[in-house]
Amino acid sequence: MTAPQPALSVVVPMFDEQAVLPLLVRRLRGVLDGLGEAYEVVAVDDGSTDGTGAALAALRAGWPELRVLRLRRNSGHQAALHAGLLRARGDYVASMDADLQDPPEVLVEMFRRARVDGLDVVYGVRADRSRDTRFKRWTAAGYYRLARRLVGEQVPGQAGDFRLLSRAVVEALRELPERNPVLRLVVPWLGFPSGEVAYERQARAAGRTKYPLSRMAGLAAESITSFSAAPLRVATWLGLAGVAVCGVLVVAAVLAWFAGATVSGWPSLYVAILFLGAVQLLCLGLLGEYVARIYTLVQGRPAYAVASDSAAGEPAHADVAELADSLR
């Protein structure tokens with residue numbers, strides 16, 4: 001008997017989230033079972049090194065709506081999320097993190113708004129970031145200001161990857177040539193009718209964060225270089241500024257020579273060399289970022305590799321029965 005077409009798919013990328021899985025399943029399943037609609041949960045195991053993969057296989061024994069998509073290696077949060085979105089089968093596809101900072105209960109309102117208001121995108125917008133540190137609030141505010149400058153005012157403030165998309169949006173994402181798009185910017189850029197649902201972001205339910213400062217900085221850099229050539233223009237302006245400064249120094253040197261005041265002064269020479277060297281290195285670095293993106297695109301290497309998809313059938317783990325008992 002063929003399973004019914006899901007009205008809603010929920011994509012949950014995860015990496016080493018064994019500790020939070022029982023809590024996630026308890027809350028998410030309760031919410032989705034209460035919808036009264038056919039659904040699927042696409043758990044994307046992003047190359048976990050703990051028991052996440054085996055635990056997911058065990059949970060499937062008692063939850064037929066759970067679908068496990070396993071990647072061969074850790075490909076990163078955005079790549080895992082993209083993989084789940086493109087393989088989801090629902091009429092609407094929601095995405096959320098496994099750490100329960102995004103409450104599953106909000107999915108009900110997002111799903112309702114999409115249907116009643118005819119929206120293709122519903123963003124979960126954080127109404128309160130008081131739990132975050134001052135540094136994180138400051139950097140997040142800067143990131144969203146930058147995103148709006150790059151993409152436009154349609155980028156919602158304080159919206160992460162907790163969102164709901166219609167099938168039309170998912171198919172539009174499938175047609176994009178980018179292999180690893182920054183979905184926080186690509187989805188608003190597509191221009192589909194959208195709305196927002198405010199919610200209070202919770203503390204992580206269990207485990208530790210998999211998104212440290214280095215990954216946040218990487219996401220910001222990826223966002224900038226994938227959506228704008230502005231950094232290259234910054235390099236151009238810095239180069240022009242360097243030329244202007246050098247011109248002023250040349251004029252000053254010629255005037256000093258005519259005035260007979262050509263006293264050797266290493267500080268001015270030292271500063272000029274440092275300035276020009278820094279500008280050149282910065283320009284080369286910015287150019288290198290774009291050359292690296294072109295190189296990656298020319299390679300044609302996929303951003304992720306799927307090892308197995310339980311929707312297509314996969315061999316069971318040997319320890320599934322034991323884990324299923326422990327997770328009940």
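Reader: What are the ground rules for the values?
Author: This is a predicted model, where local features need pLDDT of at least 70 and side-chain atom pairs count only at pLDDT 80 or more, while totals for chains, interfaces and linings use all residues. Residues are numbered from 1 along each chain as its sequence is written, and side-chain values use heavy atoms, with hydrogens and water left out.

Reader: How many helices and strands are in the chain, and what makes a run count as one?
Author: There are eleven helices and eight strands. Both are DSSP runs, numbered from the N terminus: helices are H or I with at least four residues, strands are E with at least two.

Reader: Why is helix H3 called largely enclosed?
Author: Ten of the eleven residues of H3 (residues 77-87) are buried, so the rest of the structure largely encloses this helix. Buried means under 20% relative accessible area; exposed means over 50%, and partly exposed is in between (1.4 Å probe, protein chains only). Among the buried residues of H3 are His77, Leu81 and Leu86. Across the chain, buried residues make up 43% of the 328 residues.

Reader: Why is Ser95 called buried?
Author: Its relative accessible area is 1%. The limit is under 20%, so Ser95 is buried. Ser95 is found in strand E4 (residues 92-95).

Reader: What does Ser95 contact?
Author: Leaving aside neighbours within four places in sequence, Ser95 is in contact with Val11, Leu81, Asp161, Phe162 and Arg163. Contact means heavy atoms within 4.5 Å. The side chain of Ser95 also reaches the backbone oxygen of Asp161 at 2.6 Å.

Reader: What makes Tyr92 and Phe111 an edge-to-face pair?
Author: The structure holds two aromatic pairs. In this one, the centres are 5.7 Å apart and the planes stand at 80 degrees. Rings of Phe, Tyr and Trp (its six-membered ring) pair if their centres lie within 6.5 Å; planes under 30 degrees apart are stacked, over 60 edge-to-face, the rest tilted. Both values pass, so the pair is edge-to-face. Tyr92 lies in E4 and Phe111 in helix H4 (residues 106-116), so the pair ties together parts 19 residues apart in sequence.

Reader: And what makes Phe162 and Tyr199 edge-to-face?
Author: The values are 5.2 Å centre to centre and 85 degrees between the planes. Phe162 is buried at 1%, and Tyr199 is buried at 5%.

Reader: What makes a set of residues a nonpolar core?
Author: The members are buried Ala, Val, Leu, Ile, Met, Phe, Trp, Tyr and Cys residues joined through side-chain atoms within 4.5 Å. The largest has 36 residues, and those with the most contacts inside it are Val12, Leu24, Leu28 and Leu164. A second, separate core of 27 residues includes Val125, Leu173, Leu183 and Val186.

Reader: Why is Glu105 called partly exposed?
Author: Its relative accessible area is 39%. Glu105 is in the loop between E4 and H4.

Reader: How do you know that Glu105 makes a polar contact with Arg27?
Author: The two side chains meet at 2.8 Å. A polar contact is a pair of N or O atoms within 3.5 Å; within protein, one must be able to donate a hydrogen and the other to accept it, and residues adjacent in sequence count only if both atoms are side-chain atoms. The distance is within the limit, so the term applies.
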